[in-house]
Amino acid sequence: MAEPVTLAVQLINETLALRIYLQPKASRDQFVGLHDGALKIAITAPPIEGKANKHLLKWLAKQCRVAQSQVRLQSGVTSRHKQVIIQRPTVIPAPLLRLLDKAD
């Protein structure tokens, strides 16, 4: 059953690719786990006027210790289902590392 994990979190060369299912307006920012083959992330920002997307990218940059310019939303601007890439992450957060390990 490693297939959904492989699709949710991939490390290709120095780029971390994430398929995300976003839960806005949560009580705190956190990695939740897998949801339908995607990485579920809860964030506190509301899904209004791009606030959730902006907050997600900023939070991911902080988690991976990279500049915000190294985190890009590739698809899913108005959807809960998003694709994000992170260029040259300094740190790969433990929940993502566990998913990457399962994918091998």
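Mentor: Helices and strands here are DSSP runs, a helix having at least four residues and a strand at least two, and they are numbered from the N terminus. The model is a predicted one, and the part I shall take is helix H2, residues 51-64. Glutamate 49 counts as exposed because its relative accessibility is 76%, the cut-off being over 50%.

Helix H2 itself has 14 residues, which at 1.5 Å a residue should span 20 Å; its end C-alpha atoms are 20 Å apart, so the two values agree. Its buried residues are Ala52, Asn53, Leu56, Leu57, Trp59, Leu60, Ala61 and Cys64. An α-helix has 3.6 residues a turn, so residues three or four places apart point the same way. The cover over the buried residues of H2 includes E2, strand E3 (30-35), strand E4 (38-42), strand E5 (71-75) and strand E6 (81-87).

Beyond the helix, H2 is followed by arginine 65, which belongs to the loop between H2 and E5. Arginine 65 is likewise a residue other than glycine with a positive phi, near 50°. At 59% relative accessibility, arginine 65 counts as exposed.

Strand E2 (residues 15-23) contains threonine 15, which counts as buried because its relative accessibility is 19%. The side chain of threonine 15 makes a polar contact with that of glutamine 87, at 3.2 Å.

Technical notes: Residues are numbered from 1 along each chain as its sequence is written. This is a predicted model: local features need pLDDT of at least 70, side-chain atom pairs count only at pLDDT 80 or more; totals for chains, interfaces and linings use all residues. Side-chain values use heavy atoms; hydrogens and water are left out. Buried means under 20% relative accessible area, exposed over 50%, partly exposed in between (1.4 Å probe, protein chains only). A polar contact is a pair of N or O atoms within 3.5 Å; within protein, one must be able to donate a hydrogen and the other to accept it, and residues adjacent in sequence count only if both atoms are side-chain atoms. The expected span of a helix is 1.5 Å times one less than its number of residues. Contact means heavy atoms within 4.5 Å.
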